[in-house]
Each structure stands twice: as C-alpha cells, then as structure tokens.
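Good morning, colleagues. Please have the sequence and the structure open while I speak.

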Amino acid sequence: VSEHGLPEELISAYLDGEVDPKERAAVDARLAESAEWRAVLDEVRDVRAAVRALPSRDAPAGFWDELVAGDADDENIVPLHTRSRGGRGLRWAGVAAAAAAAAVIGIALVPAETRVQPAVSTFGEAHAVRSSVGDDAISTLAGATVATEVGR
Amino acid sequence: MPDGVPTWEEVAREHGRFLYTVAYRLAGNDDDAADLVQEALLRVRTGLQRYEPGSLEGWLARIVTNVFLDEVRRRKRRPTSALGDDPDRVLAPAPGADEASTELSAEVQAALASLPEEFRVPVVLCDVADQSYEQIARALSVPIGTVRSRIHRGRRLLRAALVEEAG
C-alpha cells in the first residue's frame, strides 16, 4: 500500500481492465503524480506483454493421434499419480479416451474384444474432478519451495 | 454437439492446443504437460455432463489447473519428483522460429517456471489462458482481491527473475 493508501496491486488490475471507474480514476491520479508508480506500471506492463507473447505450444508429434487411437494393453492403464516417471504413459489415456469418445459420440473406436481394466466408467469415476470448491486451492502451496527437480 | 455439450473429440480437436499450452506454461516441460493434459481430458470426459454452455476454454483451464495443483500437492508429499522448471526441458525452439524471440521466450518461460505455484497459477490463467479475475477466483476458490494481489506479486517476481537472468 502506498503512502496514499492505494495498493500497488491496483496497477496490474488497471492494466488488465479489472478496476472499477473509481479505482481507475484513483490510479490515473496516482500515476500523474508519482514517478515511482509510473515506473512500476512500465515494468509490469512489459512483463505482462512478455508472458502474453509466449507462443502457443504444440503437443509432441503424434500425441493427439496416440491419445485418440489408444490401443494399449490392459496393464498400461496407469493413473497419473501412480505412473512411473521413467516412461511416458500415453497409452492408458488412449484407451480411456478412445472408450470415452466411443461412449460419447457413439463411434466404436475400440474393438469389441478390447477389455479395459478397470472399466473406463469405474476408472473415470475414481479420477473424477476433485473439486476445489470450499478450499483455497492454492493457498496451501504458499511458502512452497520452487520445484527444482523433475525426478526422472 | 447435442444439447451444446461438447464431445471429447471436439474438445481435443478444437481446444487441444489451448489446453496443452496452459498445461505447458503451468508445468514448464513437455512430459509433465502431456501428463496433465491426459488427466485433464479424462476429467473432461467424466465431467462433460456438468458442463454448462459458456466459456469452454475457461472450464478446460480450470480442470487442467486442478490437475496441476493436485499433482503439485502429491509431489510435495514425495519431494523427489517436484513438478516444473526443468531447465533442460524448457521451450525447445520451434522449427523456423526467430532466434531472438526464441531466446526471449525461453527466458520468460524459465522465469515463469521459477515462480512459486501460488503466483504462477494465477499469472498463467490471466496471461496465457486469458481468464478474467472473476474466473480465476472461481477456479482457485479465492476472493478476487487475492487474485489481484497474486497476479501483481507474480508479475513483480517475474520481473525480478528476468532481471536476474539478464544480469
């Protein structure tokens, strides 16, 4: 909070168009009188632009095809939190996704004789969205050390 | 698309790149991004019926964010497999990409990956996924004031990290 009682975080909100008219007027007035605020505005504007300019990222070649085609053996169906970090685990999702797509759009992407264990419906339920409603999803991460190892 | 509910295929085909980009900016490397997208798509499948017509990409961003945060929490309990900021995996140059812009992107990505998750997540949701503060607040179950504060602090930390990298 500045000496004028205006929180500096309003600068980001100002740049994002996330201030109400009264706040906008207050920020404009503060910017007009404070070189320090103008400097912060310039810095935050540059950083914001740099992140927004990051290019879209394509998935590795074959990722989507493999995901849709999924023809894995049953034993490759491994949920994210138990998957080995030593190898990629596309195939399990491929099976689940193919079965899911077939279920949703009525297209038989998975041959009839292919068994998925556990059943996709069971597997899906087990990994259904774990809603964060009611919790602060990221405040528990406060004070976390910056990740430094992927561990593969 | 019966009743406005997107099929899994439509999600993957029309919004896959968006989903992967958000996952990549959160995770900082392709391997983890691929894992996040797979898990997110599985959740998309299970949650399709709960989808309410509106911002599909906002909904996808929320799901992949939840997957990311769940995975961060899980890895904190097993700290040998922390998620993110593997410098060797950060932003491989795209074919034909301009060298200077690729270098700048790599620096920004590295700085982003260096942010604690509590700041990285709202910055990515705002500046990569283009979500409003209200959407971010809903996604993270925090007040809008907290979103404001974390986005601003996150950008200030990003700036400091970029200056440090340049120095």
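First, the conventions. This is a predicted model, in which local features need pLDDT of at least 70, side-chain atom pairs count only at pLDDT 80 or more, and totals for chains, interfaces and linings use all residues. Residues are numbered from 1 along each chain as its sequence is written, chains are lettered from A and ligands numbered from 1 in the order in which they are written, and side-chain values use heavy atoms, with hydrogens and water left out.

Let me begin with chain A. It holds six helices and zero strands; helices here are DSSP runs of H or I with at least four residues, strands are runs of E with at least two, and both are numbered from the N terminus. Of the 152 residues in chain A, 39% are buried, where buried means under 20% relative accessible area, exposed over 50%, and partly exposed in between, with a 1.4 Å probe and protein chains only. A contact means heavy atoms within 4.5 Å. Among the contacts in chain A between residues at least 6 apart in sequence, 58% join residues at least 24 apart.

I turn to the loop between α1 (10–15) and α2 (21–33) of chain A, where Asp16(A) is placed. Is Asp16(A) buried or exposed? With 15% relative accessibility, Asp16(A) counts as buried. Its side chain makes a polar contact with the side chain of Arg48(A) at 2.6 Å. A polar contact is a pair of N or O atoms within 3.5 Å; within protein, one must be able to donate a hydrogen and the other to accept it, and residues adjacent in sequence count only if both atoms are side-chain atoms. Leaving out residues up to four places away in sequence, Asp16(A) also touches residues of chain B, including Cys126(B), Tyr133(B) and Arg155(B).

Glu18(A) is in this loop as well, and is partly exposed at 25% relative accessible area. The side chain of Glu18(A) reaches the backbone nitrogen of Tyr133(B) at 3.0 Å.

Next, helix α7 of chain B. Among its buried residues are Arg148(B), Ile151(B), Arg155(B) and Leu158(B). The buried residues of α7(B) pack against α1, α2 and α3 (35–52) of chain A, together with α4 (99–114), α5 (117–127) and α6 (133–140) of chain B.

Now the core. A nonpolar core is a set of buried Ala, Val, Leu, Ile, Met, Phe, Trp, Tyr and Cys residues joined through side-chain atoms within 4.5 Å. The largest one has 70 residues, and Tyr20(B), Leu41(B) and Leu158(B) are among those with the most contacts inside it. Helix α1 (residues 8–27) of chain B gives the largest share of this core, eleven residues.

Finally, the aromatic rings. Rings of Phe, Tyr and Trp (its six-membered ring) pair if their centres lie within 6.5 Å; planes under 30 degrees apart count as stacked, over 60 as edge-to-face and the rest as tilted. How many aromatic pairs are there over all chains? The count comes to two. Phe63(A) and Trp64(A) are edge-to-face, at 4.9 Å centre to centre and 80° between the planes. Phe63(A) and Tyr20(B) are also edge-to-face, at 5.8 Å and 65°. Why does this second pair join two chains? Phe63(A) lies in helix α4 (residues 63–69) of chain A and Tyr20(B) in helix α1 of chain B, so the pair joins two chains. Both Phe63(A) and Tyr20(B) are buried.
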